[in-house]
Amino acid sequence: MTERLAADAAGIARAAALLCASETVAFPTETVYGLGADATDAGAVAAIFAAKGRPRFNPLIAHYASAAAAFADVVATPLAERLAQAFWPGPLTLVLPRRATSVVADLVSAGLSTLAVRVPAHPVALALLAAAAHPVAAPSANRSGRVSPTTAAHVLAELEGRIAAVIDAGECPVGVESTVLDLTGARPRLLRPGGISLEALAPFLGALDAAPLADAGQPLAPGMLKSHYAPTLPLRLGAREVAGDEALLAFGPPLPGAALVFQLSATRNLEEAAARLYAGLRTLDAEGGRRGLAGIAAMTIPEIGLGCALNDRLARAAYRDTKD
């Protein structure tokens, strides 16, 4: 039985005690709910992979209470320090070389010589990290490859009985995962668009080259697999019309004829759409499956601001491997 903890001092203290006892605990961040374990304990980290059914070649993000704590485990460049000052706490993950003295278990970085680190902005997450007094490895708190959770109810729907506890702090305000930047090369590389837009990063970085969707090889950071964030029903992108046996993920005035509609944002507000994306996919998948619908059609979202992250998640959610 998974404990459902209140987002108060007692709940945070209980969650920290569980983490220190090598248990797995789901907790809210500003992006999505994460499934946390003591990042210095290889056995606890292995329990994350087991609970999610996550392949061990897929690295995790290590979460910290401060930039100083994060940079104790990685080699921070001057650019990394400027980005941390500007965007931490917040939805930005930096991939940097691991220090030889890093206390983080090798399993967190899937054997790579790099480590993905961030300082989340959610007050409950920061309080938990401070109480635990060690880095916490945490991917999204859902079964591997499935839609990410933005409420405690989403976590329990997939991981009830598989994890020790979840802290219930309501909905996550951002709703899509962190932006991931690789700072290990000669120039920065975008590995995953997310909660910090490319426009916000541009004054620090200039133009960025996006990494392609990862193939069957080892990804460099979380969230890079081609098929990810996926509902059970097939997802069709760029819909200009919708069939009577399809559910519609609407952005702006909905297309006519859908059997079921979830509105991301009637006013085409990208921040609202990002916060509602995963709830929308979950709702349409569950209700559409119950009604026997053939699939989900998603309306077009502009490739600006948070739209880049939304389109990235939808492309991965829609991907279907056609190889035998």
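Me: Is R313 buried or exposed in this predicted model?
Reply: The model is predicted, and the assignment rests on the computed accessible area. A residue counts as buried under 20% relative accessible area. The relative accessible area of R313 is 1%, so R313 is buried.

Me: Which residue forms a salt bridge with R313 at 2.8 Å?
Reply: Side chains of opposite charge can pair when their charged atoms come close. A salt bridge requires the nitrogen and the carboxyl oxygen to lie within 4 Å. The closest N and O atoms of the pair in question are 2.8 Å apart, and the partner of R313 is D312.

Me: What is the relative accessible area of D312?
Reply: Buried means under 20% relative accessible area. D312 is classed as buried, because its relative accessible area is 12%.

Me: How many residues apart in sequence are the parts that E177 and R313 tie together?
Reply: E177 forms a salt bridge with R313, with 2.9 Å between the closest N and O atoms. E177 lies in the loop between strand 8 (165-168) and strand 9 (179-182), whereas R313 belongs to helix 9 (residues 307-318), so the parts tied together are separated in sequence by 136 residues.

Me: Where in the chain is R118, the salt-bridge partner of E30?
Reply: The side chains of E30 and R118 meet at 2.8 Å, N to O. Both E30 and R118 are buried. E30 is in the loop between strand 2 (25-28) and strand 3 (33-38); 88 residues separate it from R118, which is in strand 6 (residues 114-118).

Me: What is the volume of the largest cavity?
Reply: Rolling a probe the size of a water molecule over the atoms shows where empty space is left. The structure holds three cavities of 30 Å³ or more. The volume of the largest cavity is about 240 Å³.

Me: Which residues that line the largest cavity are the closest to its centre?
Reply: The lining of the largest cavity divides into nine nonpolar, eleven polar and five charged residues. Strand 3 and strand 4 (61-63) are the elements that give two or more residues to this lining. Of the 25 lining residues, the closest to the centre are A138, P139, S140, E177 and R192.

Terms used
Residues are numbered from 1 along each chain as its sequence is written. This is a predicted model: local features need pLDDT of at least 70, side-chain atom pairs count only at pLDDT 80 or more; totals for chains, interfaces and linings use all residues. Side-chain values use heavy atoms; hydrogens and water are left out. Helices (H or I, at least four residues) and strands (E, at least two) are DSSP runs, numbered from the N terminus. Buried means under 20% relative accessible area, exposed over 50%, partly exposed in between (1.4 Å probe, protein chains only). On a 1 Å grid over the protein atoms alone, a cavity is a set of points where a 1.4 Å probe fits but cannot get out, and a pocket is an open set with protein on both sides within 12 Å along at least five of seven lines; lining residues have an atom within 4 Å of a point. Grid points are joined across faces, edges and corners, and a volume is the space filled by probe spheres set on the points. Ala, Val, Leu, Ile, Met, Phe, Trp, Tyr, Cys and Pro count as nonpolar, Asp, Glu, Lys and Arg as charged, and the others, Gly among them, as polar.
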